Amino acid sequence: MAITETEVVGGIKTEYKYGFHDPEDYFFKSGRGLSHELVAAISEHKSEPDWMRKFRLKSLDYFLARPLPEWGGNVAEIDFDNIFYYIRPTENQAKSWEDLPPDIKNTWDRLGIPEAEKNYLAGVGAQYESEVVYHKLKKELEDQGVLFLDMDSGLREHEELVKEYFGTIIPQNDNKFAALNSAVWSGGSFIYVPPGVQIEMPLQAYFRINAENMGQFERTLIIVDEDAYVHYVEGCTAPVYSTDSLHSAVVEIIVKPGGRCRYTTIQNWSNNVYNLVTKRAVAYENATMEWVDANLGSKLTMKYPAIWLMGEGAHGEVLSIAFAGQDQHLDAGGKCVHVAPNTSSIITSKSISRGGGRASYRGLLEVAKGAEGSKSKVVCDALILDEDSRSDTYPYIRIDESNVDIGHEATVSKIGDEQLFYLMSRGLSEAEASAMVVSGFVEPITKELPLEYAVEMNRLIQLQMEGSVG
Amino acid sequence: MPLLELKDLHVALEDGTEIVKGVDLAVNPGEIHALMGPNGSGKSSLAYALMGHPAYEITRGEALFDGQEIAEMGADERAQLGLFLAFQYPHAVPGVTVASFMRTALNAIRKARAGGEDDPVPVPEFRKDMLAAMEHLKIPRELAQRYLNDGFSGGEKKRVEILQMAMLKPRVAVLDETDSGLDIDALKIVATGVKELVGSETGALIITHYQRILNYVKPAFVHVFVDGRIVEEGGPELAHKLEAEGYEAFMPVAYAGARLTSGTGEGEGEA
């Protein structure tokens with residue numbers, strides 16, 4: 001594949017390594033804009049059951065009826081009429097990388113996905129535009145009854161299971177963007193882990209936007225049955241374009257008693273992507289839910305992974321990183337809602353801003369009446385790299401139970417001239433020294449990542465820093 | 001040619017306040033120099049200016065490293081040439097382990113020595129060298145996995161400065177009051193580090209308030225530094241004279257009494 005002009009220009013401007021795009025040669029591409037006809041056509045195209053078609057159409061009504069949110073970031077500039085809501089790049093899903101069209105295969109190679117699959121993953125789903133073009137799960141996990149499919153296949157092959165949970169954790173009218181996703185969703189992952197099955201290696205999904213003005217609306221549903229464990233990892237990139245794309249996912253997770261789910265995101269969208277995602281999990285008795293959410297790219301991100309602690313002894317953790325560079329606004333954080341007694345939660349947020357970027361922590365901690373004996377700790381730290389950048393903290397706390405143990409700490413620090421001088425006096429360039437301070441700052445979170453992802457995370461931080469200092 | 005040569009060096013703060021007021025000094029290969037002065041004399045400012053701290057500007061004179069003017073260079077470039085400063089107050093870098101920092105710094109220096117080509121130290125070799133250096137400097141192994149200077153005691157910080165010096169093998173090491181606040185054992189370790197570094201192609205400049213460290217490492221040259229200037233120079237015997245008479249004998253009348261401090265305080269700040 002030839003390197004495109006966009007890639008060259010983008011590379012110079014942003015140091016963003018994934019800003020290339022492939023020529024479009026698609027099986028199906030919708031026109032721009034959103035309508036009931038389009039939503040019906042998507043459902044038709046996918047041969048969905050009637051209940052899903054109705055769900056979609058109703059969701060569109062909700063989307064159209066709701067006003068844009070006026071908090072968080074500026075979403076008023078999103079031109080919903082200019083977006084492509086559905087693109088199906090290939091006719092069929094591939095079981096082998098070799099079966100993909102050469103351009104698309106090449107893209108996955110450049111992103112390192114087939115290599116990662118060989119080395120340390122239990123299963124991979126690769127979504128390109130609206131559809132998952134490649135999907136595979138290790139045979140031994142299939143044999144244990146693990147389901148790991150793209151959401152469309154999940155609906156086709158396991159309709160009853162999907163129908164039982166779909167839209168129950170995040171109702172279709174939960175918020176404007178969840179309503180949009182519910183109307184036009186396509187792709188995403190469907191995972192079911194049977195009781196007692198512990199999947200040691202991560203399952204990975206990778207989301208790639210290729211077309212300009214693309215809207216990607218994947219939908220993920222994960223059900224972890226009793227005493228089971230899964231670690232799901234998602235990564236995402238997009239080409240650099242001068243006009244905007246929209247990514248608006250919905251992720252619903254159910255962790256049954258004694259189960260554990262860890263959901264790790266390494267988001268690295270290009271700086272022309274609006275990333276407006278709703279993620280929510282419920283954890284039942286003695287279950288554990290962990291969101292590890294690292295956000296580097298995008299024009300605007302609004303994302304607050306939530307955990308509802310529904311059963312006694314449930315534990316939730318949100319580890320959030322937001323790194324906002326030039327022309328970026330990352331509004332990220334987490335929510336933990338204690339419904340049952342003796343539940344515990346920890347929210348750890350690390351936000352970094354540089355080059356005029358704006359990073360915010362926005363979080364909710366809620367303890368309902370009756371959730372006695374619950375414990376929670378919220379720690380949000382901000383690091384500001386220069387005078388032009390901005391950091392905000394919006395910690396919302398609502399406690400309706402007196403017998404609880406709640407802690408909240410917040411720090412704001414600036415990268416110090418003295419600290420940089422010290423590191424530079426050992427031979428590190430200013431960019432290397434800054435990257436080292438930032439890597440250290442987020443270390444409490446990166447140490448939770450599998451080694452390969454921790455290395456990738458530190459590399460992404462270095463790329464963010466390069467070209468950012470003179 | 002001297003490794004480090006200062007000619008009529010003047011250093012000022014950003015607001016124009018002159019701190020170093022004309023220093024001439026030459027450190028040749030194989031030489032250990034001691035720069036001794038009271039609190040507030042500008043010793044640390046001189047050290048910072050040599051290393052390239054952005055708040056200390058060289059306003060006049062020359063600072064030559066191996067004959068090359070370094071005044072316009074960044075701290076990283078000076079380090080890559082082979083200049084090292086052991087800090088009086090080393091900074092903490094939370095989240096970065098001593099080992100990880102050490103390897104990154106070593107690779108930065110190696111890259112510069114390889115003419116800009118990456119030349120990373122093989123991990124087993126690095127591990128072996130670092131553990132050996134730590135053992136030699138009596139630094140507990142567990143310190144390698146702790147975050148750099150984060151929660152370290154004063155003595156641990158100074159030992160880790162000497163560890164960095166031993167690993168990076170600079171050509172000229174400047175030690176800024178590395179001896180202050182150390183017990184005798186730690187002092188001996190610092191002295192050992194300096195003696196082992198200085199050889200036929202390397203030199204050191206020990207900046208200190210006290211004569212104490214000079215019991216363990218013998219400088220060939222002693223410079224008495226008062227109010228931004230070298231006011232007297234001599235051999236090791238000068239240090240003993242200072243010990244006996246204090247700095248008062250070297251101070252202008254106006255300063256004696258007014259500026260003199262006891263000489264027993266620890267962690268004293270320098271302008």
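What follows is a working chat about a predicted model with chains A and B.

Me: How confident is the predictor in chain A, taken as a mean pLDDT?
Reply: The mean pLDDT of chain A is 92, and 96% of its residues reach 70 or more.

Me: OK, domains next. Which domains is chain A divided into?
Reply: Chain A is divided into domain 1, covering 5–303, and domain 2, covering 423–470. Taken over C-alpha atoms, the centres of domain 1 of chain A and domain 2 of chain A are separated by 28 Å.

Me: How many residues of each are in contact with the other?
Reply: In chain A, 12 residues of domain 1 are in contact with 13 residues of domain 2. On the domain 1 side of that contact, α5 (113–120), β13 (260–267) and β15 (288–295) of chain A each supply at least two residues, and the residues of this side divide into 8 nonpolar, 2 polar and 2 charged.

Me: What about the largest nonpolar core, which residues touch the most other members?
Reply: Those are Val255(A) and Ala283(A), in a core of 218 residues. The largest share of this core, 8 residues, comes from helix α11 (residues 430–446) of chain A, and the core draws at least three residues from each of domain 1 (5–303) and domain 2 (423–470) of chain A.

Me: What is Ala283(A) in contact with, leaving aside neighbours within four places in sequence?
Reply: Its partners are Val255(A), Thr288(A), Met289(A), Ile307(A), Leu309(A), Met310(A), Gly311(A), Ala314(A) and Gly316(A).

Me: Switching to the contact between the chains: how many residues does each one give?
Reply: The contact takes 20 residues from chain A and 23 residues from chain B. On the side of chain B that touches chain A, α2 (75–81), α3 (98–113) and α5 (154–168) of chain B each supply at least two residues, with the largest share, 5 residues, coming from α3(B).

Me: How do the residues on that side of chain B divide into nonpolar, polar and charged?
Reply: The residues of the side of chain B that touches chain A comprise 15 nonpolar, 7 polar and 1 charged.

Me: While we're in chain B, which strand is β1 joined to, and how do the two run?
Reply: Strand β1 (residues 4–13) of chain B is joined by 8 bridges to strand β4 (residues 56–65) of chain B, and the two run antiparallel. Within this pairing, Lys7(B) stands opposite Glu62(B) in β4(B).

Me: What else does β4(B) join?
Reply: Through 2 bridges, β4(B) also joins strand β5 (residues 68–69) of chain B, again antiparallel, and here Leu64(B) stands opposite Glu69(B) in β5(B). The hairpin of β4(B) and β5(B) has 2 residues between the strands, and in it Asp66(B) takes a positive phi near 55°.

Me: Last one: Ile19(B), buried or exposed, and why?
Reply: Ile19(B) counts as buried because it has 24 C-beta neighbours inside 10 Å, where 20 or more are required. Ile19(B) lies in strand β2 (residues 18–27) of chain B, and its C-alpha atom is separated by 8.0 Å from that of Ser41(B), 22 residues apart along the chain.

Terms used:
Residues numbered from 1 in each chain as written. Chains lettered and ligands numbered in written order. Predicted model: local features only at pLDDT ≥ 70, side-chain atom pairs only at ≥ 80, totals over all residues. Pairing = 2+ DSSP bridges. Helix = DSSP H or I, 4+ residues; strand = E, 2+ residues; numbered from the N terminus. Core = buried A, V, L, I, M, F, W, Y, C linked by C-beta atoms within 7 Å. Buried ≥ 20, exposed ≤ 12 C-beta atoms within 10 Å, placed from the backbone. Domains from an automatic or database assignment. Contact = placed C-beta atoms within 7 Å. pLDDT = per-residue confidence, 0-100. Nonpolar A, V, L, I, M, F, W, Y, C, P; charged D, E, K, R; others polar.
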